[in-house]
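Subject: A structure for you to look at

Hi there,

Here is the structure I promised to pass on to you. Have a look at it first, and then read on for what I found.

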Amino acid sequence: IHIPQTFVISTEGFKHFVEENQLSRLLQQDEELHDEQVVDAFLKARFPDWLKKNLEAYLQNVRYPIAVRSSSLFEDAHYQPFAGLYNTYMLPNSHPNLKKRLERLIMAVKMVYASTYFKAPRSYAKSTMHRTEDEEMAVVLQQLTGLETHNCFYPSISGVAQSYNFYPISHLKAEEGISYIAMGLGKIVMEGGLTLRFCPKYPKFLPQFSIVNDILENSQKYFYALKLDEFPNDEVFTSGTGDDPTLVKLDLSDAVDHPVVRNLSSTFYVQDNRIRDSFSNKGFPVLTFANILKYNSFPLAQILEEVTRIGSKWMGASVEVEFAVNLP
C-alpha cells in the first residue's frame, strides 16, 4: 500500500498569479460573469516565471501520467466544504517534447485556478459564510495509478471507502462502514455512476445483486480510461465544459480483450438466463467483482476494513479514503 508520488503547488502560486494579472476584478461583474469568460481571462494571463521554472524541473524527472487536482482552502473544510465543485485534469504526459508537456501542464494548472471563479462555487459561497474573494487554490500534481492496456491507462479498481455508513440495512451496523468500487478511473464513482456498494466486513452481502435481473440492471456498464496519445487540440481542452478531453469512456462489451475485464467479470448466458462467476467468450460480460469479493483473489475488503479502522482511530473522527488498485 503506498501513496502516489505527489507534488504540491501551494496557495502562494495562486495568489501571485491572481494579483499579477489583477484577475480578482472579474468578481466585480459577478452576475454577468460566465465560466467561458473566466477560462478565457485565466488562459490569457501571464504565468509566474518562478513557478514555470519549478514545473519544468518537475517534468524533467517525471514521465508517468499526472492528475492535476484542486486543493483549495475551502474544499476540505469540516463545515460547509466545497468538495466536488472544482476541476481535476488528467494528463498523459507522454509527448516527447518537454516544452509541449510543460505547456499542457501550465494550461491544466490555469484551468484548475479558473474553476475557483466558476459559477457553481460562486453560487455555493453565497449560501455559506465564505466569500469567493477569500478562496485560495493549491494544486496537487499526483502520479496516476494504473496500467497501460491498448493505448489506455487506468487502474483495475478505484473507489471510496467510508468508515461510517449513514444508511445501514439488514444486519449491517453504521460503524462497520461502506465502500464503493468501480473498474477504471474513479470519475464514475465521483459522478455517482453505477458502482458496486458493499460493507468491507461482509463483502459477499450484496442486496443489489439478489437475482439475475438485478445484477444485469445494477452492474457497471462502462468505465473511464486515460488516452495515452495527446488530446486533439488546445481548443477542446479549454472549452470549459467540464468534460475531460484526455479521458475516453469505454463500454465493457467493447473491452473484453482487456485482461482486467476478464479478471473482474462474470458471464451472462442468455439461453440459460444464468450468470456464472468465471469469464467466457460464449456469453456477455457482467462486472460483478466476484473474483475479489467472493473468492478473495485480492484481499480488498480486509484492506479497506483495516485502513478505515486505523484512519478513524487516529483522526478521532469518521474518515473517507479514496483508493485505486493495480491487480497483477
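Leaving aside its neighbours within four places in sequence, which residues is S179 in contact with? With contact meaning heavy atoms within 4.5 Å, the residues that S179 touches are V160, A161, L196, R197, F198, P200 and L304.

Before going further, some background. This is a predicted model, in which local features need pLDDT of at least 70 and side-chain atom pairs count only at pLDDT 80 or more, while totals for chains, interfaces and linings use all residues. Residues are numbered from 1 along each chain as its sequence is written, and side-chain values use heavy atoms, with hydrogens and water left out.

**The whole protein**

The protein has 11 helices and 15 strands; helices (H or I, at least four residues) and strands (E, at least two) are DSSP runs, numbered from the N terminus. Of its 328 residues, 46% are buried. Buried means under 20% relative accessible area, exposed over 50%, and partly exposed in between (1.4 Å probe, protein chains only). Among the contacts with a separation of 6 or more, 69% are between residues 24 or more positions apart.

**The sheet around S179**

S179 lies in strand 8 (residues 178–183) and counts as buried because its relative accessibility is 0%. An open sheet is formed by four strands in the order 9-8-7-15, with antiparallel pairing; two strands pair if DSSP finds at least two bridges between them. Strand 9 (196–198) and strand 15 (320–325) are at the edges with a single partner strand each, so one side of each has no neighbour in the sheet. Strand 7 (residues 157–162) pairs with strand 15 over six bridges, in the antiparallel sense, and G159 stands opposite F323 in strand 15. Helix 11 (residues 300–315) packs on the sheet and touches strand 7, strand 8, strand 9 and strand 15. The direction of helix 11 makes about 150 degrees with that of strand 15; axes are lines fitted to C-alpha atoms, for helices over the stretch in contact, and angles run from 0 to 180 degrees between N-to-C directions.

**The nonpolar cores**

In soluble globular proteins, nonpolar side chains tend to be buried together. A nonpolar core here is a set of buried Ala, Val, Leu, Ile, Met, Phe, Trp, Tyr and Cys residues joined through side-chain atoms within 4.5 Å. The largest one has 45 residues, of which I157, I181, M183, F223, L264 and F289 touch the most other members. Strand 10 (residues 222–227) gives the most to this core, with four residues. Apart from it lies another core of 37 residues, including V68, A108, F118 and V139.

**Two loop residues**

F289 lies in the loop between strand 14 (284–287) and helix 10 (290–293). Its phi is near 55 degrees, a positive value in a residue other than glycine. F289 is buried, with a relative accessible area of 2%. N273, in the loop between strand 12 (265–269) and strand 13 (274–276), has a phi near 50 degrees, also positive in a residue other than glycine. N273 counts as partly exposed because its relative accessibility is 42%.

**Helix 2**

In helix 2 (residues 35–44), the buried residues are V38, V39 and F42. What covers them includes helix 1 (11–20) and helix 4 (98–114). On the other side of helix 2, E36 and K44 are exposed.

Enjoy exploring it!

Best wishes
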